[in-house]
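These are my notes from one sitting with the structure. I went through salt bridges, the contact between the chains, and a few single residues.

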Amino acid sequence: MPAEESVTILLVEDDPGHARLIERNLRRAHITNEIVILGDGQQALDYLFKERTYAGATHTLSLLLLLDLNLPQLDGYQVLACLKADARTKHIPVIILTTMDDAYEIERCYALGCSVFITKPIAYKQFEEAIRKLGLFLSIVQIPPGK
Amino acid sequence: MSAKHVHHQIEALQQQVASLRSALTSSTQGQGGLPLDLLDALQVSLQELYSSEGELHQQHDDLVVVYQQAEAVLRDSEARTRAILQTAVDAIITIDTGGLIESFNPAAERLFGYTADEVLGQNISMLMPSPYREEHDGYLARYLQTGDPHIIGIGREVCARRRDGTTFPVSLAVSEVHLAGRRIFTGIVHDLTARVQAEEALRRSRDELEVRVQERTAELTAANEEIKRFAYIVSHDLRAPLINLEGFASELRIACDVLQAALPAALPYLEAPQRADVSRVLDQDIPEALGFIETSVTRMDHLIRAILHLSRLGRRDLHLEPLDMQALVQETLQTLAHQLAQRQVQVTVQPLPTVVADRIAMEQIMGNLLANAVAYLTPGRPGEIVVTGERRPDVTVLHVCDNGRGIAAEDIPRIFEPFRRVGRQDVPGEGMGLAYVQMLVRRHGGDIRCHSTLGVGTTFTFTIAHQLAEGEAHAG
């Protein structure tokens, strides 16, 4: 993202293998921003609202969220809904990156306020390509700096 | 011989007497001798008269015999008719034009609970419940006036009333009898109580059966839905690890490339045996291991896709429309034109009935079956495929028959299983085609069977229901 590289990419993905592959392919797409990886929905909200384990944390809220829907401890829908309902966080762009391809569910996510919905390709080659394209896309996206 | 004849004879006799008298009168007056010839004639006439009298007696006796015989026959006939009425199983009642009971047979007595004496001369309406009881006189009067029969000569099921006031269903047949100078009506009453009760019992048990069938169907449908969902979930969830397998196999290759690039510079620093080991690991072992991983991953990917596809086939909504099967089969054959020409296969398509089904599904079914027929020919024998079909009351039946290599009897049940293939494996394929076909055919309320003789040929027969069970068109 052209604005300062201080934007952090928050990747909420419960499959560690996928998380790692996403990270590595984003790097190959020349994304140099910090990438924070969290494995469940509750942790994601704690991070966003600086609660519980993240109470008192000082990280930036200048964030881009890459969010999987199938998460333990609160699914992606709930994370999205909570995030968009709070003035502190609703500016954060959310890119849903999940295995789901159901039209009804996709519509539901857009209605909840996600910016973009991407279905993870089931074959790795396409998966890899999709992440690279996402990287290219991110490189031209403007993110609000947050408060 | 008749009385008239005798009469003539007596007249003739009287004339002869008259003649004799005049002859005697003239004789006593001294004119001529005794009239002997006249006396002779008189004698003869008297003789004739005697024999006539005799004949008349005989006739009279004969007539008496005939009369007695006739009387006996009549009595016998009467007795028989009476016996029929007396022993008839059904009630037989006769009434006059005023509706009054003239006869009431023993069966009627038993059926209604009255003795004949109690009802003779009474109005027939006493044997009917309200409102018929009040209306009967009117019906009868109207018929007598108009001659328009509503029940006479027709027969009907009505309600009757016993002495104790209870009502019961009967079948009533009324006929009209024209006697000299008057009419009577005969009613034959058949008790339907037993039949009505049997019908009730049948209806009840059929309703019970219906309910049980519906319950069972609901259970099966639910179980089926569960299985479909399970297949979908499982194959969907199995994808995620696959991505990791593929992804990290790729990462490993990249890492290998890095090592290989560094190798030439590093090799001189290694001792001989180690140098060979490192080279072998980087050039052979790792790539080989990765190769196996990748092949297995690809295989798993295929299998999962196939299961996913199969489960989707079971879930997809069907769009039913009337299909010109003739045209559909021809279009399918077009897509196989190359193989057909190459293997010189003769295809005969008999006139096919129209089928109401999902177009895409039917294309897949016929496509699979015809492709199989072409693929599994016997080398050395010119291929012949015949497609026929017929319409039956509940289903349409379609047959695809080939003269190919055939399937062994013990293998036939397995060909419909997913991922199973039988026989010589010289034809590429995944073993899913017939599993898809079976799924699609079942979605249409039908079934598919296979008859085959090894070395001779195979026929696939499938049915499509004319009317799908409720809910079948929209699944999951």
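Entry 1: I looked up Arg24(A) and found its side chain in a salt bridge with that of Glu251(B), at 2.8 Å, N to O. For a salt bridge I required a side-chain nitrogen of Lys or Arg within 4 Å of a carboxyl oxygen of Asp or Glu. The pair crosses between chains: Arg24(A) sits in helix H1 of chain A, Glu251(B) in helix H7 (residues 239–266) of chain B. Helices here are DSSP runs of H or I with at least four residues, strands are runs of E with at least two, and both are numbered from the N terminus.

I then checked cover. Arg24(A) is partly exposed, with a relative accessible area of 31%, whereas Glu251(B) counts as buried at 5%. Buried means under 20% relative accessible area, exposed over 50%, and partly exposed in between (1.4 Å probe, protein chains only). Glu251(B) also meets Arg28(A) in a salt bridge, again listed at 2.8 Å, N to O. The count between chain A and chain B is 2 salt bridges.

**Entry 2: how I read the model.** The model is predicted, so I noted that local features need pLDDT of at least 70 and side-chain atom pairs count only at pLDDT 80 or more, while totals for chains, interfaces and linings use all residues. Residues are numbered from 1 along each chain as its sequence is written, chains are lettered from A and ligands numbered from 1 in the order in which they are written, and side-chain values use heavy atoms, with hydrogens and water left out.

**Entry 3: the contact between A and B.** How many residues does each chain bring to the contact? I noted 15 residues from chain A and 14 residues from chain B, with contact meaning heavy atoms within 4.5 Å. The area buried between the two chains is about 1300 Å², and carbon and sulfur atoms give 57% of this area. Buried area is the accessible area (1.4 Å probe) that two parts lose on being put together, summed over both. Of the area that chain A buries against chain B, Leu21(A), Ile122(A) and Tyr124(A) supply 43%, more than any other three residues.

I also counted 6 residue pairs in polar contact between chain A and chain B, both residues at pLDDT 80 or more. A polar contact is a pair of N or O atoms within 3.5 Å; within protein, one must be able to donate a hydrogen and the other to accept it, and residues adjacent in sequence count only if both atoms are side-chain atoms. On the side of chain A that touches chain B, the elements giving two or more residues are H1 and helix H5 (124–138). H1(A) gives the largest share, 6 residues.

**Entry 4: a pair inside helix H5.** Glu128(A) and Arg132(A) both lie in helix H5 of chain A, 4 residues apart, about one turn of the helix. Their side chains meet in a salt bridge at 3.5 Å, N to O. Glu128(A) is buried at 17% relative accessible area; Arg132(A) is partly exposed at 32%.

**Entry 5: Glu13(A).** I found Glu13(A) in the loop between strand E1 (8–12) and helix H1 (16–28) of chain A. Is Glu13(A) buried or exposed? Glu13(A) is buried, with a relative accessible area of 3%. A polar atom of the Glu13(A) side chain lies 3.0 Å from the backbone nitrogen of Asp15(A). Beyond its neighbours within four places in sequence, Glu13(A) is in contact with several residues, including Ile22(A), Leu38(A) and Leu71(A). Glu13(A), Asp68(A) and Lys120(A) are linked in a network of salt bridges.

**Entry 6: chain B.** I noted 12 helices and 12 strands in chain B. Buried residues make up 32% of its 476 residues. Among contacts in chain B between residues at least 6 apart in sequence, 61% join residues at least 24 apart.

Ile464(B) lies in strand E12 (residues 457–465) and is buried, with a relative accessible area of 0%. Leaving aside neighbours within four places in sequence, I listed the contacts of Ile464(B), among them Val355(B), Met362(B) and His444(B). Ile464(B) and Arg442(B) are 22 residues apart in sequence and 8.3 Å apart in space, C-alpha to C-alpha. The side chain of Arg442(B) meets that of Asp447(B) in a salt bridge at 4.0 Å, N to O. Arg442(B) is partly exposed at 46%, and Asp447(B) is partly exposed at 26%.
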